[in-house]
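The structure comes first, then the notes.

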Amino acid sequence: MHRFSQPAVWMRRLSAGLAGVGVLAAVGATGVAHAEYPERPVTMVVPFGPGGGTDVLGRLVSEPFARELGEAVIVENRAGAAGAIGTASVAKSDPDGYRVLFTAMAPITVASNMPDANLSYDPQKDLTPVAMVARQPVLFVANGDLEADSFEELMALAEQEPGGLAIGSAGTGTDMHLIGELLQQVTGAEFLHVPYKGGGPAINDLVAGHIDLMVVVTSSILPHIQSGAVKPLLTFESERLDLLPEVPTVGELGYPEVEGDSRWALFAPAGTPDNVVATLGNALQRVDADPKFRERLTDLGVVPAFGDGQVLGEYVSEQLGKWQAVVADADLGEQ
């Protein structure tokens, strides 16, 4: 009997040990599950006011994005300083993936080039590129009552009264503002820039006739073109748009160097864990591939254009150099 007591004790101890290992494994598994992302709603900051192109697209993205993440995505408009205020609020937030930035490129590629910018963030050091989401054609449009029905007629009108025509924008230093500045640089035209706090108010004044011109994305202005309140003079695309086949391209008019579009992308605070960035990017890739989502974008004249963080980072670097030259030539220090 005694010779069996030690093995029996050993077996009891082994069983207890294995049970302990089982408990530890369960705790470990619980810990892994607890570390999964996301576990709660994600706030997606749109650094512009309601009604503009970025807000429209951000809200369109938020629903399928939430479905792919498995958590709610809350859109927060944080407007001001041409997108810099909302961008800073993300750049300085905790890098845990629960506060991200959905934006047009101006706060990233333009803001730091503006005179006396005094930004509280560095777009390349304080933000992590997650993914490019979409691109959108840009139009040069006029109030429907303006006495110019083509770009050539507009140029003739502008030549008669330099600075007499008002061109609105979502704010000084936005990408739409600088595309307008570049157009003036290459054509020699001179317009009076009227900055607004967001694209929505600028469009309202364009429709009402308080300003004459605007560079604007298709999704924001298409209904007003269809109603006749606004008329398109050119597109900055390299080819004519299927939605507006009668509108000439800027290249056709002799200024191919002004070709460009508007892009939207998602950024996270610098230091966000790689797995979180990957989760966000992969979710957006699935959103962009969804046929229903792509159809909704097409109806607005928006093109799905997914690119991963590396693609987005390279695009940011290239655009920073481009707009630095435009800002320098535009002498925006006086505005």
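R135, E237, D261 and R263 are linked in a network of salt bridges (a salt bridge is a side-chain nitrogen of Lys or Arg within 4 Å of a carboxyl oxygen of Asp or Glu). The whole structure holds 11 salt bridges. This is a predicted model, in which local features need pLDDT of at least 70 and side-chain atom pairs count only at pLDDT 80 or more, while totals for chains, interfaces and linings use all residues. Residues are numbered from 1 along each chain as its sequence is written, and side-chain values use heavy atoms, with hydrogens and water left out.

**Salt bridges**

- E237 pairs with R135, with the closest N and O atoms 2.6 Å apart.
- E237 lies in the loop between β9 and β10 and R135 in strand β4 (residues 127–136), so the pair ties together parts 102 residues apart in sequence (strands are DSSP runs of E, at least two residues; helices are runs of H or I, at least four; both are numbered from the N terminus).
- Both E237 and R135 are buried (under 20% relative accessible area; exposed is over 50%, partly exposed in between; 1.4 Å probe, protein chains only).
- E76 and R99 form a salt bridge at 2.9 Å, N to O.
- E76 is partly exposed at 24% relative accessibility, whereas R99 is buried at 18%.

**Around E252**

- The side chains of E252 and R240 meet in a salt bridge of 2.8 Å, N to O.
- E252 is partly exposed at 47%, and R240 is partly exposed at 39%.

**Strand pairing**

- Strands β6 (residues 166–169) and β7 (residues 192–195) pair in the parallel sense over four bridges (pairing requires at least two DSSP bridges).
- A166 has L192 in β7 as its bridge partner.
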